[in-house]
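Here is a friendly note to read alongside the model. Please keep the viewer open and look up each residue as it comes along.

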Amino acid sequence: MKPIIPFVVFAIFLNINSIAQVNTANSTTKKPQQINKKMTTSANPYFNKTSKEKIKISEQEWEKTLSPALFEIARKKGTERAYTGKYDNFFDRGFYYCAACGNKLFESDSKFASGCGWPSFFETYTESSVQYITDKTHGMIRTEVVCGRCNAHLGHVFDDGPKPTGKRFCMNSISLVFEKK
Ligand code: FE
């Protein structure tokens, strides 16, 4: 009986290996189509600029819905590199919505040139547009700002902003979608 055991183990290994190869081949062929679909907010069923309903879905569902870059910032609390975001040096008149769910977050009237490398606002559109979480990562105590509707990570708020609030909402461009008034 003994010589059979190594053979069985080897056969199982071969089988697992061939399944893994099939899966890899499938995911490689599907990838470009998935990325293109996820780059548009119209392909996101949770994106709605009028709904106030809170969104509570799994992280797996968010990963399927958002582009990889937005998922990294919005759901994994990443930060885009300073001075690289599309709204850093952008001052058109309009509104900024959450890129993950469409919740209205800021008005251009509250945007200012902070020079910090990220789009900055001195106040949110309404008090309930965002929520606040104490962030103790990276050896600092900061106030994280998340979307009031879907909890997407947007950035942080600091107390060195201009009047009338003295606040600086330091946001990731990728977490925002701008629309002209
Ligand atoms: Fe949101």
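How many of the six residues of β7 are buried? Keep that in mind; point 4 returns to it.

1. **What you are looking at.** This is a predicted model, in which local features need pLDDT of at least 70 and side-chain atom pairs count only at pLDDT 80 or more, while totals for chains, interfaces and linings use all residues. Residues are numbered from 1 along each chain as its sequence is written.

2. **The overall layout.** The protein chain has three helices and nine strands. Both are DSSP runs numbered from the N terminus: helices are H or I with at least four residues, strands are E with at least two. Reading from the N terminus, the order is α-α-α-β-β-β-β-β-β-β-β-β. Of the contacts in the chain with a separation of 6 or more, 56% are between residues 24 or more positions apart. Here, a contact means that two C-beta atoms, placed from the backbone, lie within 7 Å.

3. **The sheet.** Six strands make an open, antiparallel sheet in the order β3-β4-β8-β7-β6-β5. Two strands count as paired if DSSP finds at least two bridges between them. At the edges sit β3 (111-112) and β5 (130-135), each pairing on one side only.

4. **Strand β7, and the opening question.** Five of the six residues of β7 are buried, so this strand is mostly covered. A residue is called buried if 20 or more other C-beta atoms lie within 10 Å of its own, exposed if 12 or fewer, and partly exposed in between; the C-beta atoms are placed from the backbone.

5. **The neighbours of β7.** With β6, β7 pairs in the antiparallel sense over four bridges, and V146 has H153 of β7 as its bridge partner. These two strands form a hairpin with five residues between them, and N151 in the turn has a positive phi of about 65°. β7 also pairs with β8, again antiparallel and over four bridges. Look for F158, whose bridge partner in β8 is R168, and for H156, which stands opposite C170.

6. **Strand β8 from both sides.** In a regular strand, side chains alternate between the two faces of the sheet. In β8, R168 and C170 lie on one side and F169 and M171 on the other, and all four are buried. Strand β4 (residues 120-121) joins β8 through two antiparallel bridges. In those bridges, S120 partners C170 and F121 partners F169.

7. **The nonpolar core.** A nonpolar core is a set of buried Ala, Val, Leu, Ile, Met, Phe, Trp, Tyr and Cys residues joined through C-beta atoms within 7 Å. The largest one has 31 residues, and C98, A100, C101, L105, C147 and A152 touch the most other members. Among the elements that each supply at least two residues to this core are α3 (68-74), β1 (94-98) and β7 (153-158).

8. **A closer look at Y97.** Y97 is found in strand β1. Why is Y97 called buried? Because 24 other C-beta atoms lie within 10 Å. Y97 and L176 are 79 residues apart in sequence, and their C-alpha atoms are 5.5 Å apart in space. L176 is also one of the residues that Y97 touches, including K49, L105 and V177, when residues up to four places away are not counted.
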